[in-house]
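Student: I am new to this structure and would like a close look at a single side chain and its surroundings. Please then carry on to other parts.

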Amino acid sequence: MVNPNFLKTPEIPSYNVRGKQVAGVDKLCYMTDTVTDNGIWEEINPLDSKLPIFIFQLAIVLFVTRLCLLLLKPLRQPHFAAELLAGILVGSTAIASEFARQHIPAFGAIFAASRIMMMETVGNLGLIYHVFLLGLEMDLRALTSVGPKALGIGIAGAIFPFLIGASLYTFIADYPESFRWGFLYWGVALSVTGLPVIAEIFAKLKLLHSEIGRIAMSSALVNDLSSWFLLVVSLSITSSYSSTYLSLFSAIVFIIFSIFVIRPVLLWVIRKRTREGEEFSEAIVCAILAMVLACGLVTDICGVSSMLGAFVFGLIIPQDFLGHRFVLMLQGFASDLLLPLYYASLGMRAHLGGLNKEDVLMMVLVSLFSFIPKIVSTIAVSYLYRMSLREGFTLGVLMNTKGLVAVMAMSLGRDHTVMNEDGFVIMLFTIFFMSIATSPIVNFLYRRTKRFLPSQHRMLQDLKPDAELRILTCIHEVQTVAGITALLDISHASRRSPICLFALQLMQLKKHTTALLIVHDSSRTSSESVSKVGGQIDQLIAAFNNLEHQNPMVSVQLLTAISPYSTMHEDVCSLAEEKQVTLIILPFHKRQTIHNNMEEMNPAYKDVNNNILATAPCTVGILVDRGFGTLLPTKKDKGISRSCRISMIFIGGPDDREALAYALRMARHPKVSLTVLRFILDESRAIAGSTQNDDADFSVIMGAEAEKQADDLLVNEFRHKVQNDGSVVYTEEMSSNGAETVKTIAKLGQDFDLYVVGRGLGFFSPLKGGLDEWSDCPELGSIGDLLLTSDFSSSASILVVQQHAWLNPGSSSQGNSIL
C-alpha cells in the first residue's frame, strides 16, 4: 500500500522573532544562520555564516585529499585508498576530533556537528554523479566475452564472502536487537570487488595484457554486478520490512523501464538535436544531468537508494556516446571536487575514540579474516579450471580489492539505522586495510623482472622471406588510422609472408577510468556490424575490418592500453616483446591542417614516441602522414599501373639499412614504384675541405669503415634482387657535405608520395654534416626533419625508420642480409 503521507505538507511549528515556540501565531519566523556575511569590515564572525563555513570545509578537505594522493602515489596505491584515508583524517579521527577542536577553536567551529549538513548533502550529490559515471564507463557488452572461468570466480567471489561477512557480524559482534540486520551490509561490503580500483592497479603494475589481468578484469565485472544485486536486495529488506517485495519489484520495473523506454527515447532525442561531430547543446547537457537526479529520486521513492537510479541511468547510455569531453568535465566537477566531501562525511561518522581495546582487536581480526573468503573461493574455482596455486592466490588477493561501492554499502546501512557506530567503524577500516594491501602483494607476486636482451631484438633485415611479419601499430587518435592502414596496405602481405598486425589503441589513464574492462581481452576484431553510436573503438574496428577485407593475408588483433603517458611506452614495449613484433609503427605527434601546416595534437604524444624509440626491442617507424591515407585509394594515373611512388633516401648506417629493407618489401607490392637515391661521399672534396685532426680516434675511423662495408654489402644485395624489376629505380649522387645533400634532395620536389628514410641515430657522416645542429624534431633524424620543413617544396608523407636502440651505433655485427 502506498504511504498516505507521501508528498503531504509537513507540520511546521510556529516561532516568534526571538525563536521561541508560541501557539496560535500565524506568521512563521525562523532563526537561521545567514548564508553570507558582510565581510571583514563588519564586526561579524564569518564562521557564523553558512557559505564561508562550507568554503572552509571544502578547502580543507581538498587540501588533505591532494596531500594523501601525493604521499601514496610512490607506493602505487589506488586513488580510492588515498581519498578514503583523507576522509578518515578529516573526520573524527584527526582534524575534526575532540582533541583538535579543543586546541584549535577554528576546527571546532568549522566541523561542528550542527554545521556538516551542507557538506554531507553536497558530498552525496557528488556521489550520485560519480556513480552515474561508473555506470557510464561500464560496457555490458564485455559480459558476452566472459568465459566460464571468470564467471565462476566472479559469482563465487560474491556469494561466499557475503555469507562469511554476514556470519562475522552475527556471531562475533554483540549488538542490540535493533541492529540485527546489519549483517546484510557487512556481507555486501566483503562481497564487493572494486572494478575501477583493480583497473588502476593493473595499469600501474603493467599487467593489463597478462593472462592474470584478463581473468581478473572479467571476474571483477561479474562480481561488481553481483554485488550491486546483493546491495539492492539488502536495501529492499531494511528500508521497509513489510513491503520488501514491493521495493524489490519496483526497482526491477524501473530497470526494465529504463532499458526499453528511457534509453531509446534519450538516444533518439540526442541524435535528432545534435549533428554528428558537434558538441552537445546546453539544453542536452542540462537534461542529462537532470535525468541523473530524476532517476535517483525515483529509486529512492521506490525504497532503494538513489544511487541505484544513477547507476542504471549510466549503464543504459552507450559508452562514448556522450563524448570524452563531457565525461572529463563531469569527472572534474563531481569526482574530484565534490566526492571528497562524501569521504569526509564518512570520516565524521567514524569515531575511533569510542573504541576500546577489544574493538581494536576485533578490527584487526576482522581485517585479517576478511581476506580468507575470497581467496578460498577463488582458489577453489581456479583449481577446477587447472590454474596454478600462485595464479589462484593472486586472483583471490585481487578480488579482495575494495572500492566505493563497499563504503557506500556501509554508509547506507548506517543511514537505515540497522548498524551501530562500532560495526560501521570496524568494517570501514577493514575496507581501507584490504584496499592498501592489494597493490604491494600483487606487485610482489608479479614483479616485472624481465629485461630486453640484445639477442632478443628483431630486425627487418633478419626476417626470412617466408616468415610472418609481425607489426605493432600505436593509435592515439582516429584521424591517424587512415595513413597507417594505407602504409600497411602497401607492405605486401602475401601467402608466403603474411602480416600479423597488432593495433594498439593508447589511452591516458584517468582517475576513475573503468573502460579497461572492454579492452582486457585481446580478441580479434570481428566482421559483425559495429555499434551505431560511432565511438572511437567502433571506428577503429571498422577501419581494420576493411583492411582485413582488402588484404586476406593481413590478420588484425585490436587491443587497448590505458596507462599514464609517463609509462605508456612500457605497455608498448612489453606487448612488442610478448608478441615477438618486428616493427612498431608510431604516428607523428603533429598532423597536417587544411592549410598544409603541421599542428601539434598533444605534447605528450611526442614524449611517448621518444620513450618508445629509446626502449623498443625491435625496429620502430614514425609515420608523418600528410595526406597519405587519402591519396592511396583514390589516385589513378593514366597509363601507369603504379599508384604509389616511394623514394628511399640512403645515407648509410644501421637505420638506413633497416629502412632499405622495408622499402624493398613495399616495392614488391603491385601498386608501388620505388626509387632509391643513395648518396656517395666525394672523398677528394670532403678531405680537401675537412679540418679534422689527423690524429682522429682510430676506433671512430674503423667504425665508419665497418659501416661503409655493411652498407655496400646490403646495397649490392638489394640491386641484385631488383635488377629485373622495372618498378624499382636505383640512382647514386655524389656529395661532399650536408649543403650539397640538401640541394640534391630539394630537386626531388613533388615526384613522390612517400619518403622512407633512416633516423641515423648516433651515426655521423659528412653527407649530413651540420644538419643535426638545427633539427627541430630529433626523433625524425636530420633527413626526416629536413623533408618536414616548410622550405622543402614537397608535401609528401614521411616514414622514419630506426633500428632497435640496443644496437650500438656503428656496430655492423648484424644486418648483413636483406629480405
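Which side chain has a polar atom that lies 2.8 Å from the backbone oxygen of Ala-796?

Tutor: That side chain belongs to Arg-626. Before going further, note that the model is predicted: local features need pLDDT of at least 70, side-chain atom pairs count only at pLDDT 80 or more, and totals for chains, interfaces and linings use all residues. Residues are numbered from 1 along each chain as its sequence is written, and side-chain values use heavy atoms, with hydrogens and water left out.

Arg-626 sits in the loop between strand E7 (619-624) and helix H23 (628-634). Helices (H or I, at least four residues) and strands (E, at least two) are DSSP runs, numbered from the N terminus.

Arg-626 is buried but has no salt bridge, and Asp-625, the nearest side chain of opposite charge, is 8.0 Å away. Buried means under 20% relative accessible area, exposed over 50%, and partly exposed in between (1.4 Å probe, protein chains only). A salt bridge needs a side-chain nitrogen of Lys or Arg within 4 Å of a carboxyl oxygen of Asp or Glu. For charge, Lys and Arg count as positive and Asp and Glu as negative, while His and the chain ends are not counted.

Across the protein chain of 819 residues, 53% are buried. The chain has 28 helices and 12 strands. One of the strands, E8 (residues 644-650), has 6 of its 7 residues buried, so E8 is largely enclosed by the rest of the structure. E8 pairs with strand E9 (residues 672-681) in the parallel sense over 7 bridges; two strands pair if DSSP finds at least two bridges between them. The bridge partner of Phe-650 in E9 is Arg-678.

Helix H7 is also largely enclosed, because 9 of its 10 residues are buried. Among them are Leu-184, Tyr-185 and Trp-186. The cover over the buried residues of H7 includes H6, helix H9 (211-239) and helix H14 (357-369). Thr-238 belongs to helix H9 and is buried, with a relative accessible area of 6%. Its side chain makes a polar contact of 2.5 Å with the side chain of Tyr-185, and a polar atom of the Thr-238 side chain is 2.9 Å from the backbone oxygen of Ser-234. Apart from neighbours within four places in sequence, Thr-238 is in contact with Trp-181, Leu-184, Tyr-185, His-416 and Val-418, where contact means heavy atoms within 4.5 Å.

The structure also holds 11 aromatic pairs. One of them, Tyr-169 with Trp-186, is edge-to-face, at 5.3 Å centre to centre and 70° between the planes. Rings of Phe, Tyr and Trp (its six-membered ring) pair if their centres lie within 6.5 Å; planes under 30 degrees apart count as stacked, over 60 as edge-to-face and the rest as tilted. This pair joins helix H6 (residues 148-171) to helix H7 (residues 182-191), with the two residues 17 apart. Tyr-169 and Trp-186 are both buried.

How values were computed. Polar contact = N/O pair within 3.5 Å; in protein donor to acceptor, adjacent residues only side chain to side chain.
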